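Colleague: Could you take me through the strands and the salt bridges of this model, with the cut-offs behind each term?

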Amino acid sequence: MTNGLTWIGAHAYTATPVPGMCGGISLTLARGIDADEFLINLGADLDQLAARTPLAELRSQPTPPGHDPTRYAYAMYGSEGEWTYVLENDHAATWATGFRRVPSMRPGPGEEILCASRNLYSRPAAILHVEGDEVIRRAEFGTTTGHESALDAALTAAGAVFPSIPDATADEVTAYYEQHGAGLPALVFTALGAYTGLSIDQDAAQAGNLPAFHLLTP
């Protein structure tokens, strides 16, 4: 479980602090767009991207001047195959909270974006998916987007789609979530890994060895 994406969900409720990131991670993936362009649209600084400073080292450096240091969070990033990935363990994924307000974050033609955001202060956790058609489809953890997409098929195959009210009584759904809810994030990220074929090294992320940049929190 040190690779793949399952570990991200398996540690959804891990609170132990580490030099990098382990628990409570939101993940944003993009393809069909230049990696640096996507990261800059999220708020990455050009100099920080050029420096590729690991997170563990960046945490010990001063925050960029001109802003309240308490408003800064961190993101780790990387690329594998066609995908650019961004890991954040603040309250939510920056892309999920920012695309409505920041025009440069909005997807363009042919750009696929897949975002699993923990939405700590505006629950529930959710998946946002743009398949290249500029339409943003949403699924709460435990559901599908309803688009009958390959992502929906992966979520179903992984067991990440829980019973819905039309298929079961409210009491049955509540009981199912109480029994299985803690394992849902791991199932969701297993599905995301199966859909994308992406693997992110848990040891590197937990140690803070992946390159990182500062992000301004809303």
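Modeller: Two strands pair if DSSP finds at least two bridges between them, and strands (E, at least two residues) and helices (H or I, at least four) are DSSP runs numbered from the N terminus. This is a predicted model, in which local features need pLDDT of at least 70 and side-chain atom pairs count only at pLDDT 80 or more, while totals for chains, interfaces and linings use all residues. Residues are numbered from 1 along each chain as its sequence is written, and side-chain values use heavy atoms, with hydrogens and water left out.

Colleague: Which residue in β6 stands opposite Val130?

Modeller: Strand β5 and strand β6 (residues 136-140) run antiparallel and are joined by 5 bridges. In that pairing, the residue of β6 opposite Val130 is Ile136.

Colleague: How many bridges pair strand β4 with β5?

Modeller: Strand β4 covers residues 112-117 and pairs with β5 in the antiparallel sense. Within this pair Glu112 stands opposite Glu131 of β5, and the number of bridges is 6.

Colleague: Why is strand β5 largely enclosed by the rest of the structure?

Modeller: Buried means under 20% relative accessible area, exposed means over 50%, and partly exposed lies in between (1.4 Å probe, protein chains only). Strand β5 spans residues 126-131, and it is largely enclosed because the number of its 6 residues that are buried is 5.

Colleague: Which residue takes a positive phi in the hairpin of β5 and β6?

Modeller: The hairpin has 4 residues between its strands. The phi in question is near 110 degrees, and the residue that takes it is Gly132.

Colleague: What is the distance between the closest N and O atoms of Arg31 and Glu82?

Modeller: A salt bridge is a side-chain nitrogen of Lys or Arg within 4 Å of a carboxyl oxygen of Asp or Glu, and the structure holds 5 of them. Arg31 and Glu82 form one, with their closest N and O atoms separated by 2.9 Å. This pair links distant parts of the chain, 51 residues apart, with Arg31 in strand β1 (residues 26-31) and Glu82 in the loop between β2 (72-80) and β3 (83-88). Arg31 is partly exposed at 24% relative accessibility, Glu82 is exposed at 57%, and the distance asked for is 2.9 Å.

Colleague: Is Arg137, which meets Glu131 in a salt bridge, buried or exposed?

Modeller: The side chains of Arg137 and Glu131 meet at 3.5 Å, N to O. Glu131 is partly exposed, with a relative accessible area of 33%, whereas Arg137, at 16% relative accessibility, counts as buried.
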